[in-house]
Each structure stands twice: as C-alpha cells, then as structure tokens.
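Hello,

Here is the structure I promised to pass on. Please open it first, then read my notes below.

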Amino acid sequence: MIKAILIFNNHGKPRLSKFYQRYSEDTQQQIIRETFHLVSKRDENVCNFLEGGLLIGGSDNKLIYRHYATLYFVFCVDSSESELGILDLIQVFVETLDKCFENVCELDLIFHVDKVHNILAEMVMGGMVLETNMNEIVTQIDAQNKLEKSEAGLAGAPARAVSAVKNMNLPEIPRNINIGDISIKVPNLPTFK
Amino acid sequence: MSDVVERTLSALPGLLGQHDPGTGPGGAGGPARVSATSRLGSLIRSITALTSKHEEEKLIQQELTSLKATVSAPTTTLKLMKECMVRLIYCEMLGYESSFGYIHAIKLAQQGNLLEKRVGYLAVSLFLHENHELLLLLVNTVVKDLQSTNLVEVCMALTVVSQIFPREMIPAVLPLIEDKLQHSKEIIRRKAVQALYKFYLIAPNQVQHIHDKFRKALCDRDAGVMAASLHIYLQMIKENSSGYKDLTGSFVTILKQVVGGKLSSDFNYHSVPAPWLQIQLLRILGLLGKDDPRTSELMYDVLDESLRRAEINHNITYAILFECVQTIYTIYPKSELLEKAAKCIGKFVLSPKINLKYLGLKALTYVIQQDPNLALQHQMTIIECLDHPDPIIKRETLELLYRITNGQNVIVIVQKMLDYLKESKEEYAIINLVAKVAELAEKYAPNNEWFIQTMNAVFSVGGDVVHPDIPNNFLRLLAEGFDDGKEDHQLRMYAVQSYLSLLGEEDALYPQKFLQVMSWVLGEYFSLVTDVDPEVILTKLHSLLKKTYVTSETKAWIMAAVTKIASHTSCSETVDKLIQEFSSSLDTCIRQYAFELKHLCEDKALMKNLLPFDASCNDMVVDASLSFLDGFVAEGLGRGAAPYKPHHQRQEEKLSQEKALNFEPYGLSFASSVSSSGVTGRQSPTGLSFGSDTSGNSAETGHKETNTLKLEGVRKLWGKEGYLPKKEKVGKENEPQTVSCGSLLAGQAGDPPVLRSDQGASLTEEDKEKQQLASTLFVGLGSSAGVSLMGKADTATQKFKRKSKINETQHSEEASDFKSSAASDFGPLLDTAPINTEDSEESTHTRSRKASLCSSDIVEDNLAFETPQSLKKSVLDDRLSDNRVSQSSLFADSNIEIFQPSPSAQCESASETLLVPSLPEELQELPHSEVLELHQSDALALYLCKAWTDDSLLLTVLISNKTTSALNAVNLVFEETEHFQILESPTHQFPVIEAQSLEHCQKCVRMNKICTQGILSGSVSYQSEMETRLEFSVTLSLMDFIRPMEMTTEDFGKLWLSLSNDVKQNIKMSSSQDSLSAALNTLQQKLKLHIVDIIGNEGILACQLLPSVPCLLHCRTHSGMLAVWFRSPCAALPDGLLYQCQKVMGES
C-alpha cells in the first residue's frame, strides 16, 4: 500500500502531503524532512528508488520518486507495491495535473492544494491505486467541477454572492474549467443530477 | 520538463503581482469580501520572502490567529469558511497545528454546498486521524451523503470513508455501502469496494458476512470494479492463501483476458493493456501458487504468455516482466519458465537504465538461493555494479553478495562492505550493513586476526548505532570460546593486543560501545599477554576515564576492568591514584566504584576470590535463601527483633493498623471510631499515600518496627487498663509472636520451608547492604560483563532474581496454606468451644481491624494459635472466635443477618432433641445467613441457608424428616426465573430420607439478569401415603451476588477508562458519616465493596457481580453530599448498586 505521497520543491518546502497511514503531526513533518534529505542528495542520473527512511516504516519501506523541474514527487510505499508501477503512476499523476491545470507548475500546486488533493483522490484511495487511466481521472474531475459550477449557479442565490464571485480575483478559475479542447468522453455527465 | 522551471520562474512575479497588496490580510475593507486566493497568495508571497524559519513561524502564527478569529465568528459565511479551510490546510502542511479549525471543517462538510462540502471533507481527511474524537461528528454527514441522490456527494462520502473512519461506527454505514455495490455507476461501485477494503483492513470481523459480495465484485462487468476488488483479495490471500485456491482459475482467466487484449483500449497505458491490473494479478498468483504444484500448474500458460507479450520497450512492460519473474520463482518451479525468467533477469541486469539494473539485482538476490549459477553468469556485471556511482545500486549489490558469501569469498566481500560503510553517512544503511558484516565475520572468519580486525572495524564504523546484539554476541563468543582451547587463547590474546595498540594511538576517538568491548576484554584477559605490564594497561584505562567524551556508562565498564586487573596485581600506584581521584568524583556511580575498589584492595584474598580469572562463563551458585545468615537471624530474633515480614504484608498490616490505632481507643462505639478515622483522613489527605511511600522505601524496616512496637504498646496499655479482661491473654498472645515463632511454627507444623523462607526473608532487613554486596559481586564479574553483556552471567543474575521471587511467593503460598489449614483444623473445635461472652465487643474491634481483610493478620493470629496446648483454654477460645469473626467480617454488619452461634441459640439447640437444622461442617466456615425456616408440616421441615463464598452464592436446603418412617423419593425443584440461574441442574433428588434425620443439598446460584431483589421459588415433593408437594420461595438480593474486588489503583485506572456505562448520582450523607472515610466504610461493610484507595476527598471502590462483572465506584464528598460515579461494563449494575448505596446511606 501507499503510505504517503509527498510533493516538495527543491528547497524542501512541502507543496502537498498526504498520509494514508497514521503518523503524528510531528512525525509527519519529520518524515517530510527526512525524505527530502534522502531524495535531494541524489544525482539526476541514478535510480528512482530508495530504501530506508527510518521514520516511515524501516526496512519494509521504499521511496519511489521523480524529480520534475522544481518539484519532487515522492511516493512512500511498502513492499507490496511494484516499483516500476508506482514510478509510472507518478507519471500519470503529473500528466493528469498537467492536463487539469494546463501546463502545471509549482504555483498551481501552491494555490490549488485542494484541487490537487481532489485529483489525487481520484487516483489513490485510502492508500490503494484506484484509477490509472488519465482520461478517466480528468473526466471525473471535470464532471465534478461542472456540477459544482452549475449547482453554484442554480443555487445562485443572492445577487451579492454572484457579484462576489465575479469580483473575485481568481485568475485560475477560467483556466481550471477550460479543459474543453481535450476531447474527453463524458459518459457520466448526463446522468448526474 | 525543464521548460517548466523557466515558466515557473517567469510566472512567479507576475502571478504574485496580480494580487493587490491592499487586499492583503490587513485589508481594512470588509474582510469577508476579501478573496481567499489573494489572502493565500499574500501569505505565500510573504512566506517566500522570508529568510528564516523563525520568521515563518511568526507569520504563520499571526495568520492562524486571524484565521481563528474568522472561523469562530458567527457571521462567517460558508464560502469564506471554505477559503479559510484552504489556508488552514496550507498551514497544517507546513507543520503548524490548527486544531481550532477541525470542528469547522466538519461543519463545512455537513452544511456546505458541493464545492464547500468537498473542501470540508478534504480538510477533515487531512486534519483528523482514525481515532480522533471529533470524527464521530462526521458520521452523520457521511450517512446522509451516502444516501444522497447526487453522485458527487456519494463519491465524496465514500472517499472520506476509505481515508478515515472510526472503526466503531462501521455498522452505521456498512449497509449503505453494501447497497452501493449494486449501484448502476461503476465509479460508485468501485469506490464502495475500496471503502469495504478499508473496513476489511481495520475491522475484518465486521465485513466477514459479505465475502460473497467481494466475489460478486470480482465478477463485476466493469474491469475497474474488478480491479478494485483485487486489493481485497491480495490482502486476504496474503493472510490465508489456502482459503482462496478455488479462485485461482478465475484469476488466471482474468489475466489471460487482460494479456490477450480483451479489455477496451481505455485501459491501455502506452498500449499495454491494464498494466497495474496485470501486476496485481501476478502478485496474487504468486501467493496462490507458492509451494503448491497443483495450483501452479494452472498458471504456467498464462505466465508464459505474459512473458511473451511484454516485449515493448517501455517502463511499464518491465514492471510486468519483473512481476512475472518474481511469480515464476515464487510458485512451484517449472524449468522451461525458469529459463525464460532467468533470461529476463539478464535483460534487467544488463540494461543501461539504472532503474532496471536495480530491479535486476533485486531479482538476482531473490533467486540466488534457488539458482546460484545465475549469479555466476552475471558476475562481471555484479563486479561493475560494486563500483557504480549510485550508492543504492552498490548497496543492492552488497545485499546480493551477502547472500552468496562463503568461507572462500568472505574476506573480499566483507572488505567491500566495509568500504561502503566508510563512505556511507546514512544511518539506515549503516545499521543494516554493520549487522551483516558482523554476522558474516562470525560465520566465516578464516582466522583470528581477521576476525578481530573486522570486528574492530565494525565497532568503529558502526559507532553507537549498531544493534546491541552485535557487541553482546561478540563478547559471548570470546568468553565461551570454541572447542579448541588453544584457539580460544590465541583469539583472546590477539584481541587484547589489538585493543592495546588501538588505545595506544594518540587522540583516537572510539565509539562508546567499542570502548566498552575493549575494557571488558582487557579486564578479563589482560593476563594472557605476558609481555605487557598490567601497570601499562591500567595507565591507559586511567587516562580513558579522564576523557570527557567517555560517557558514565562506559566509565562503569572501565572501572570494572580496572577492578579486575587490580585483583591480579599486587599494589599498583595507578590504582591508588585512581581511587584517590575518583573517591571525590561528582559522578556518584564512579565514586561508588572507587570506594568498592578501595575496600576490595584492602582485602586482596577476598578480591581474588571475588574476581577469579576467566570465570565469566561459569555458572554462579547463588544462595538465594541466604542460609549462611541463618545464625545472624536467629541471634537477632533471640535479642527480641521482630521477625521479617514481606513488603506487601507490612503494607497491608500498616493499613489495617492505622485503622486499628484509630479504632481501639474508641472501640466502645463503632460509629465514633469511624468518625475518628474520618478526622484523620481529613486532616492529612495524603496520609495514605504517604504511608505507602515510606513503605516503598527499602530501608524502612526500622521505621516499620517501631510502628509495630507502638501498636503493641497500645494494645498492652489497654489490656492493663482493663478495658477487656484479657490482660494476661494479651501478654501471652504477644509472647509467641515475638519470641521465636519461627521455630515454634516449624516444630508444630513440621513445615521447615516456612521457617527457612521466613528467616531468609527476614534477612532483607539489611536490604541495602545486600544490594550493595550483590552489585559489587556483579561488578566483580565485570560489571558489566555480567549485567548487560554476557549472556551467561546475565542468566545468573536473573536466576538469582527469579529464585528470590519464587521464594517469596512460596513463602506467601505456604503461609496461606498454613492459614487455611489452621482454620480448618480449628473449625470443628468451634462447635464445642464455649463462646466468649465478650464476643460481640471483640468482634466489633476485630472487624474494624480487619476491614481490609488483611490475610497477614490472620496468619499472625494463626501463628499465635500454634501453641494451643500450652495456652490457656480461654485464650484459645478468644482467639478462635476472633478468627471466626474475622473470616466472616466480609459480611459482618451488612444488612444480611449473620448466623452467630450465640450461647442462647446453642442452648436452644441443645434443648431441642432432634432435627435441629445445623449446617454441614464445610458451610460453617463460610459466612452464611441464619437458617431460615421455609416450611413446616407434620411430616417435613424445610430450612434454607445462604452461604456467600468468594465466587458464588450457595443455597443450602435442609430437609428434615419428622416422621418415624423413611421418606422416599424426595424431589427438590427450583423454578426457572429470568433473574437467577441455578448452576448444574435446578433439581435435586433425595432417594430416601431416613426417619428423624436431616438431609441437605446445595445449589450454586448466579444472577443472570440484574435486579435489586428477586424471588426464587421452588417446591419439594415427596411420596408418603400420597404425593405431597410443598412450595417455598426465597428472596435473593443483588447484594447476595456482590463481592469485593481487590485491585490496585493503577488497575483501577486502567479498567475505569475501558468501561463505558456511566451513572452519576449525589447521595445525601447523614450526620453520623460526615467524612468520606466514614461513608466509604459504611459502603465497604454493608455492601461488600473493596476500598481501593482514598486520596484527599476522593475515594475509589471496586466490587464485582458474580461471576465477574466488575463495577467501579468513584466517590467524592462535597458539602454533605457524596457524589458517586459508577462505571461498569453492564448497564444495569450501576443502577442496582446505586439503589443499594442510597439505601445503606439512608439507613445509617
């Protein structure tokens, strides 16, 4: 099972942390630091697997990571996961992020932590891989976004709120829903109520 | 991806610039209107601008304060709340606790619209953990959302359930989630399966009944749902592969279809069909086929096909290949497949891609035992990998080498490992590898020099992170030696030499563990090296002792070594210097050692005896009974010293004596004595704990003694005052106790062990001295050596400990045996003995003295009995009745009438010529009620008596035949009721009751359903001239089934927390019991509760409903009220007890 998914930048600043096993707050921070320490020392052209990390689970623990530009994506898994499988799962995750945010960059992760979490939740549920098909994930996210939008619109209550939405200084909102150019089959959408 | 960097860097200022600083956290306008993004933006911007961790902390704290104000403001809209949550998530991610927001996250999940709800759920799943108490508040929301018609809400609920859900609330949602398995949308079904997987992990029992639903999920028409169910199956098969062998065919078929491309292309990843699904299936097959030729047979084909298909050159195909290879090597082997798998491994190992090389090495490591030749084929690659720039590859290679080490290659391999260790800084790698080196060195060492050198390297490289087993094993090896004495000698000599040269190096820093090993070896075997003057070694050790980096634990080792060396040299200047220097050391341990050394040096012969050469492995014979001190003890006893009592006995005695002291002067009236004890309780609320504190001290014997003496003094005083006409008795009574009760006892009971252990135990009077001696003894063994490292010596110490413990328990067992035997011996006497007229007074006083049912007291009393012949009859009688009452004191004064064999009753019974219902002997000793007449007819009389044993209520029915002819076939039948249960059978048949005689039967009764009072009815039928039936009924109270439950305060605390049924009530206290202890005494005496502890104005009590339902009470006094708080696993018990408490408190 996947014990934790960590994203941090080249300086060790956490950008996303999701633990599927219970660790205390302090341990979580220590795990992030330890993992960063282990991963950041590695050269670019070495293997993507690491053993160790005493905090997270000792010998039955593997760190599988990928380094993209400014960000490290680290999956802490136990021995029941396939190394190469997880490695490609990271790739799927990043590609999905790229699709959802259109050219994802570190800032997207900072400002939309909640959305990144939602995307992750479609891929990994309770530490187990749920979905690996990028299109399917994007479809789910898209459908949910649309539904939420429409609900917000219908509920469309007081004009004040609507204007507040309009006035909001949210450069990311149009980007976020604009995944339209990618042709996605949206089989689920019509049946949503 | 490198363009991402550039984009990020170029976008950063622009993006941040978009946010007007005016809308930042301080924005004066309507804060509710400020969007979170801009606030989050400015937060992040300011954090990025910061340079130190400290500044960040300050900033975040500010942010949290403002967030706290916002979220708790009633005007905050859900929308704003959502934004706050996002910021809170950010702060939590940075490691700042924001617990104030947790409840709001739950609220948001509950009340918000979809968008807000989603953030709420997300925040909950990030903030809380499974056991968090707030999580219970989420359950309702989850249930509601699971029933929602909105799919998104259902999805969110399922997601949060699979992330965190309180285990005890699973039943609340389980049926809903089960329903979702039939949902029309595959995504819902899939998430439902995942949620069930989570339940399976945390509470397998709760989902046991839906295993067939898992099977349905496995056969789901949607591959995604099927894939999700594989998680469950993988887990279940891991735990118990034999239970799922029947599914092998299905898994094989599924894999065949997947590999054959039968799935829709949606599942393809880089044109590989559902690779993750394949990996999962291969793992399951591996588990199923392990060591099972028949099952393995089924999967050969599909594995072959998988290998064949996975040819596209992509990462993910290698992932499948790797799984295939692992599966092939796990299941029952088939040579054809093995060959192919070996080829695959070759592909991995030889691949230029590092990831694949890593996996190739891993696979090689995995298969090396089965197929060592494979390693030979790739030996060149392996050698190359040893010098690979990636330390992970190196480490993996070493792991591989470790598996193929043998006597011939050990030197090279260990050298490689040590090389790696010297470069590595990673703690995990060091611990891991050091253990391997040590293991290999021990197993395959070619010669002594190499072994010692290698171990030296292990200790110096491993530093203090090495596993403690390593030095332990090494020293044991040295000490125990091998078969060959000469080898041993050489090994030890070489070790000493090498350590001497290591210590000779200037300014070398060694890890503590290494120094400890060195000092032990030097101390033990220094004399093997003949060409070095012991003085030189001592100087070296001495200089080590002065080093600041040496910890005090290590110093203890060094001192032990010095002591050992000193014992084999005549006088040494260094030793003298050392003693002088460290006798004033601030480190008390070291100072202690120095003093010991000093004293030992004064008696060289003793020292030599104490520290024999090379005896670390010899078993030590420890005289745990300390019989050599018998004479000393006898002398002490002869001088009038009190005999030794074990700690617990003293403590109990002290408790009871405290009461005795309070009670005796006021013994005339029970109530007043109670209140007097209450006064003491009030005056020093900590009195009790203080008492136990002092008795916890090992050096309190003297203190204790005075206590005992004082008590006896008081008693005597009262005797002389003529309070009770038993002056002489008292005197006599004390005599056998203080004189040598031990020998008397031995003579009488013919039970020497009692004597021995008694005397042995009494020695611990010099507890302290003994301990010192013991520690010196073990220090002598090489402190050290003995205590923490050497296995043998270690067991010796343990043996010592264990022995003494056994002795102690034996002692107490024997004592209790003795007690009971004494009791039963005197039991029959009771009937004939004339009853002391002062019985009642005496009993009041004894009862109060023995309120805690302290057995030691009884033992003591019984000891006093041991001279019945020599004692005056009256004394005996007195003591007997005393004893008798103390046994029943448990029930004394309770609302149940106790049958006291009073003189008048006896007279009556004497006058009545026959058919007096007297109890059978075995019952007489038990606390029992008066014999109750149930029915009286011409022919038959029916009596009943309740006896309260420790574990049941015994109902004795006595049937007397008043006629002059025998009665045949008398049947006793108890009717069944819902409240009570008669153990064994509810009927009893007397085949015949002779004329003018009495028969009895006993039945154990349990309370099945709690009630304060219930009626148990039954009937007796018999044949005389015609069938006659007599009906009767008995009233049983809850109190018949309540027994005190003895426990310690800690146990109480633990149990308290584990119990859930709570009842709290204030009970008014009457004026006669205005103090807590008085009230508790009332409860103890009338309700048979056990007082566990009294602290200040709080008291804790425990009792149990037979057979074993505990009920705990916590009492507190305030303004004339007693606040009682009950807890019990049984809901009805507290209520019943409360009623009883109210009753007895009202009565008194």
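How do the residues of the lining of the largest cavity divide into nonpolar, polar and charged? There are 10 nonpolar, 8 polar and 4 charged residues. Keep in mind that this is a predicted model.

Now for the cavities in general. The whole structure was searched, and 15 cavities of 30 Å³ or more turned up. The largest cavity holds about 250 Å³ of space. Its lining is made of 22 residues. Nearest the centre of this cavity lie A:Asn118, A:Ala121, B:Leu122, B:Met156 and B:Thr159. Helix 8 of chain B gives the most, with 7 residues. Domains of chain B take part too: domain 1 (38-127) and domain 2 (132-150 + 160-239) each supply at least three lining residues.

Next, look at one residue in chain B. B:Glu63 sits in helix 3 (residues 53-72) of that chain. Is B:Glu63 buried or exposed? B:Glu63 counts as buried, because its relative accessibility is 6% and the cut-off for buried is under 20%. The side chain of B:Glu63 makes a polar contact with the side chain of B:Arg87, at 2.7 Å. Leaving out residues up to four places away in sequence, B:Glu63 touches B:Leu43, B:Arg87 and B:Cys91.

Best wishes

Notes: Residues are numbered from 1 along each chain as its sequence is written. Chains are lettered from A and ligands numbered from 1 in the order in which they are written. This is a predicted model: local features need pLDDT of at least 70, side-chain atom pairs count only at pLDDT 80 or more; totals for chains, interfaces and linings use all residues. Side-chain values use heavy atoms; hydrogens and water are left out. Helices (H or I, at least four residues) and strands (E, at least two) are DSSP runs, numbered from the N terminus. Buried means under 20% relative accessible area, exposed over 50%, partly exposed in between (1.4 Å probe, protein chains only). A polar contact is a pair of N or O atoms within 3.5 Å; within protein, one must be able to donate a hydrogen and the other to accept it, and residues adjacent in sequence count only if both atoms are side-chain atoms. Contact means heavy atoms within 4.5 Å. On a 1 Å grid over the protein atoms alone, a cavity is a set of points where a 1.4 Å probe fits but cannot get out, and a pocket is an open set with protein on both sides within 12 Å along at least five of seven lines; lining residues have an atom within 4 Å of a point. Grid points are joined across faces, edges and corners, and a volume is the space filled by probe spheres set on the points. Ala, Val, Leu, Ile, Met, Phe, Trp, Tyr, Cys and Pro count as nonpolar, Asp, Glu, Lys and Arg as charged, and the others, Gly among them, as polar. Domain bounds come from an automatic or database domain assignment.
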